[in-house]
Amino acid sequence: MNQDMHQKVKTTHLKRNAYLYIRQSTLRQVFENSESTKRQYALRQKAVALGWPEDRIIVLDSDLGQSGASAADREGFQRLVTEVSLGRAGIVLGLEVSRLARNSADWHRLLEICALTNALILDEDGIYDPAHFNDRLLLGLKGTMSEAELHVLRARLHGGILNKARRGELVISPPVGLSYNSEAALVLDPDKQVQQCLCLLFETFRSTGSAMATVKAFQKQGLQFPRRVRTGAHKGDLVWAALGHTQVLRILHNPRYAGAFVYGRSHVRKTVDGSFTVVQLSQDEWETLIPGAYPGYLSWEDYQQNQKRLHESAQAMGSDRRKSPAREGPALLQGLILCGRCGQRMTVRYHVRHGRLWPEYLCQREGIEHAQPLCQRVPGGGIDEAIGELLVEAVSPVALEVALTVQQELQSRLEEADRLRQKQVERAQYEVDLARRRYMRVDPDNRLVADSLEAEWNSKLRTLTETQQNRERQREQDRKVLSDQQRAAILSLATDFPRLWRDPNTPDRERKRMIRLLLEDVTLVRGEEITLHIRFKGGATKTLMVPAPLNAWQQRATNPAVVKEIDRLLDHHTYQQIASILNERGLRSGEGKTFSVRIVARIQKRYGLMPRYDRLRKAGMLTVKEMASLLGITPQWVKIWNRHGLICGHTCNDKNDCLYEHPGDNPPRKAQGVKLSQRRLASEVVSQRTQEVQCEAATDCERPCELAGFRCLSQPKLHRLQTLHLG
Ligand SMILES: [Zn+2]
């Protein structure tokens, strides 16, 4: 072996340095396992025996106390790799492969570099040339074994812990308020003051629903909260200090207060740079969870409820402002609204119109994400009103009951706080007594000790007085607050929830908070109408329909009934007549204007109604020219005959142009010398058929008198006069 070793070492190796790498995993090993350290340093002699001069053997021992599980943070190892890769190393010495690296990746990288730069590796068993396949295979195996060794060690240790945890028997240092009794069972802390403080914390959170409000309540009451010292000389001691927000959160999130045994609520992950991050796991990923394993401060259901509330209040949770806290804007359903089409949370956008903010609910998340049109947008005004009405309706009968319960609860909480302060006084008194007894017991001649004990006694007495005064002051305040403001506020709330709701002085934020106490969420679907599916707290549901608000052009569109009426009136009237009739009935255009010829004409064109001319032609009426050629007279005579009632004409426009009814089988003929006024009487019998038709039309119309064709026939002059008058 020795011969073999010497064969591998060439002069090229000896010209370069020898690096002795020394490492112990922990500082404890460095101190206690000194034999191993000594053996590592002894390798130096081997290098000397192989021919390296003393001054060329470089010892790298800066990694003492560093684990070999990773190269990161191991300054010595990094330097070793650098030296090797620069070709300065002839040989690398280490007691075992595991000293160099417990991580295969690090180890194989070192082997690769050693092979490239022709450096040797020496351990307790022999000398290897990584450039040779056999040596490299052996070293590789050793590295893998070393990594496996670490894994097996860990698995054994962790397996034991896991097994115990699965049975719920693992002893984990308890949070403040819980402690192990003499039978190693977890129980509520026997210190009544500690117990009551925790009870008050959970109670306050239950009624306020906010960790911040809980902290404020404690601060306002001047109450202190226990905390257990975790490290240092005073480890395990109980100290009293003001309650903090993180402390409240930690307590509320800790399932052990609900009497559950838990293990493995987080995972430790290694990052690329070798550091570790703690990842909190969700409840269904916890390693062990045994609810009801021991007595707790709250039930498991209450704990779950608290988690839900905390999650909802957390602003940062979720990217879609899920259940975001109530803000100042007037959109009442902010943070509560779901899209009925895709199920996403809807967001709020405001428009300023006439100096007022108008909310609009948008489902835009997918649209933004994938550059698509918005899923749906719903103007919020009508919806908010409907919700408000619903709440007023739903809440008013129970308002008084709720308010009374609130009052009762406030009272009981004040008393509870006072009891706690009383405990603080008792504790101070106990400490005074203790200090007094200590002082009494000391030998009066021992002035030094006696003086310091006396000083302590005095200080305890001062604390006692302060605590007592503090309690008295707070009691005085409690009495005052409840008697004046609170009672008035509660009574006013109790008498009239609807009044409070509708009061313009009530800020929108408060209104939203009230909504949140009552509603879980609202799902919106916009169709012909807007459908609201409302979920109340506690599971009740209700569906409301709200008319979809009209958009700008819809708001200006003519009422369909008016369009229909114009269609009907066109059978018998001109534009001018129609405008007069509609105005007389008090009807207005879509824009709220009185009707004019132009508006009626526009409506006729826009809605594709048949023009009056076409209607008359369709009914078989003849033009002036056609009539003239039929009767064998000039167009002027047609008009004159019409005026005198010999033939029947109907005005087709506001210029007084007429179309004429067919004169029938027996048309009037030219008869010179007979007065036209006499001829009319004869022709009335002829046009009997037409009169009947006109009579029907006349009864249809609300103003049958002057405009119907019937009268028009008999009193054409009157008709013309009235047309002029109406114009
Ligand atoms: Zn949507």
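Select helix 7 and helix 8: they are roughly antiparallel to each other, because angles over 145 degrees count as roughly antiparallel, under 35 as roughly parallel, 65 to 115 as roughly perpendicular and the rest as oblique. This is a predicted model, so local features need pLDDT of at least 70, side-chain atom pairs count only at pLDDT 80 or more, and totals for chains, interfaces and linings use all residues. Residues are numbered from 1 along each chain as its sequence is written.

**Stop 1: helices 7 and 8**

Colour residues 104–117 for helix 7 and 133–167 for helix 8. Helices (H or I, at least four residues) and strands (E, at least two) are DSSP runs, numbered from the N terminus. The two helices pack at an angle of about 160°, with axes 9 Å apart. Axes are lines fitted to C-alpha atoms, for helices over the stretch in contact, and angles run from 0 to 180 degrees between N-to-C directions.

Now show the side chains at the contact. From helix 7, pick Ser-104, Trp-107, His-108, Leu-111 and Ala-115. From helix 8, pick Arg-136, Leu-139, Gly-140, Gly-143, Thr-144 and Glu-147. Residues are in contact if their C-beta atoms, placed from the backbone, lie within 7 Å. By class, four of these residues are nonpolar, five polar and two charged. Ala, Val, Leu, Ile, Met, Phe, Trp, Tyr, Cys and Pro count as nonpolar, Asp, Glu, Lys and Arg as charged, and the others, Gly among them, as polar.

**Stop 2**

Select Asn-118, in the loop between helix 7 and strand 4 (120–122). Its phi is near 60°, a positive value in a residue other than glycine. Most residues other than glycine have a negative phi. Asn-118 is partly exposed, with 16 other C-beta atoms within 10 Å. The cut-offs are 20 or more for buried, 12 or fewer for exposed, and partly exposed in between, with C-beta atoms placed from the backbone.

**Stop 3: Ile-91**

Go to strand 3 (residues 89–93) and click Ile-91. Is Ile-91 buried or exposed? It is buried, with 27 other C-beta atoms within 10 Å. Beyond its neighbours within four places in sequence, Ile-91 is in contact with His-13, Ala-18, Ala-47, Ala-119, Leu-120 and Leu-122.

**Stop 4: Ala-184**

Find Ala-184 in the loop between strand 6 (178–180) and strand 7 (186–188). Ala-184 has a positive phi of about 60° although it is not a glycine. It is exposed, with 8 other C-beta atoms within 10 Å.

**Stop 5: helices 10 and 11**

Select residues 211–221 (helix 10) and 245–253 (helix 11). Their axes come within 9 Å and cross at roughly 120°. That makes helix 10 oblique to helix 11. Show Ala-211, Met-212, Thr-214 and Val-215 of helix 10, with His-245, Val-248, Leu-249 and Leu-252 of helix 11. This contact has six nonpolar, two polar and no charged residues.

**Last stop: zoom out**

Show the whole chain. Its secondary structure comes to 30 helices and 22 strands. Buried residues make up 25% of the 727 residues.

Notes
Contact = placed C-beta atoms within 7 Å.
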